[in-house]
Amino acid sequence: MQEPCKGRVMVEAAMAQPSDPIAERHAAGIAAMRGGRAAEAAPHFRAVLDRDPDNVAALANLGSALLATGEMAAALDPLDRAARLAPGHAGIHHNRGNALLALHRPAEAAQAQARAAALAPREARFQYAWG
């Protein structure tokens with residue numbers, strides 16, 4: 001009798017696992033963002049947050065989706081919450097800075113950008129974001 005292919009066994013085992021609706025919704029939001037469909041992504045991230053309000057990735061990704069759709073004021077709340085929960089995440093501070101700048105709050109935007117640059121000194125996108 002022929003032994004089953006290991007890859008097939010792994011796929012079948014993964015398919016037998018119960019699905020995680022939170023992870024599935026988050027993945028759907030990420031897929032929408034990658035496909036350039038930020039407006040479609042936001043409800044997925046909100047659904048994750050309904051079940052897990054302190055999910056930093058969902059907060060940060062919701063903020064990014066709202067930035068991409070031009071909803072700067074709405075983006076600020078999830079980005080602020082994400083920054084409080086994950087103060088060492090440079091990308092969150094960078095996105096907060098972008099939202100604050102768009103909201104004509106340049107002093108706060110500069111502080112957020114400086115925090116991003118300090119957290120990731122080797123990443124040029126944070127070092128030279130505005131200048």
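## Helix H7

Helix H7 (106-119) has 14 residues, which at 1.5 Å a residue should span 20 Å. Its end C-alpha atoms are 20 Å apart, so the two values agree. The expected span is 1.5 Å times one less than the number of residues. Helices here are DSSP runs of H or I with at least four residues, numbered from the N terminus.

Seen down the axis, the buried residues of H7 fall within an arc of 140°, so they line one face of the helix. The arc is taken from the directions between the helix axis and the C-beta atoms. Those buried residues are Ala109, Ala112, Gln113, Ala116 and Ala117. Buried means under 20% relative accessible area, exposed means over 50%, and partly exposed lies in between (1.4 Å probe, protein chains only). The face turned away from the buried side carries the exposed residues Ala107, Gln111 and Ala118. An α-helix has 3.6 residues a turn, so residues three or four places apart point the same way. The cover over the buried residues of H7 includes H6 and helix H8 (124-127).

## About the model

This is a predicted model, in which local features need pLDDT of at least 70, side-chain atom pairs count only at pLDDT 80 or more, and totals for chains, interfaces and linings use all residues. Residues are numbered from 1 along each chain as its sequence is written, and side-chain values use heavy atoms, with hydrogens and water left out.

Histidine 104 sits in the loop between helix H6 (90-102) and helix H7 (106-119). Its phi is positive, about 60°, although it is not a glycine. Most residues other than glycine have a negative phi. Histidine 104 counts as exposed because its relative accessibility is 70%.

## The nonpolar core

The largest nonpolar core has 25 residues, and Leu62, Ala65 and Ile92 touch the most other members. The elements giving two or more residues to this core are helix H3 (38-51), helix H4 (56-68), helix H5 (72-85), H6 and H7. H4 gives the largest share, seven residues. Such a core is a set of buried Ala, Val, Leu, Ile, Met, Phe, Trp, Tyr and Cys residues joined through side-chain atoms within 4.5 Å. In soluble globular proteins, nonpolar side chains tend to be buried together.

Isoleucine 92 touches Val56, Ala60, Leu79, Ala82, Ala83 and Ala86, not counting residues up to four places away in sequence. Contact means heavy atoms within 4.5 Å.

## A buried asparagine

Asparagine 61 lies in helix H4. It is buried because its relative accessible area is 19%. Leaving aside neighbours within four places in sequence, asparagine 61 is in contact with His26, Ile30 and Phe45.

## Salt bridges

The count comes to four salt bridges. The rule asks for a side-chain nitrogen of Lys or Arg within 4 Å of a carboxyl oxygen of Asp or Glu. One of them joins the side chains of aspartate 80 and arginine 96 (2.6 Å, N to O). This pair links distant parts of the chain: aspartate 80 is in helix H5 and arginine 96 in helix H6, 16 residues apart. Aspartate 80 is partly exposed at 22% relative accessibility, whereas arginine 96 is buried at 18%.

Another pairs glutamate 108 with arginine 105, with the closest N and O atoms 2.8 Å apart. Glutamate 108 is partly exposed at 33%. Arginine 105 is partly exposed at 32%. Arginine 37 also forms a salt bridge, with glutamate 40, and here the closest N and O atoms are 3.0 Å apart. Arginine 37 is partly exposed at 36%, and glutamate 40 is partly exposed at 40%.
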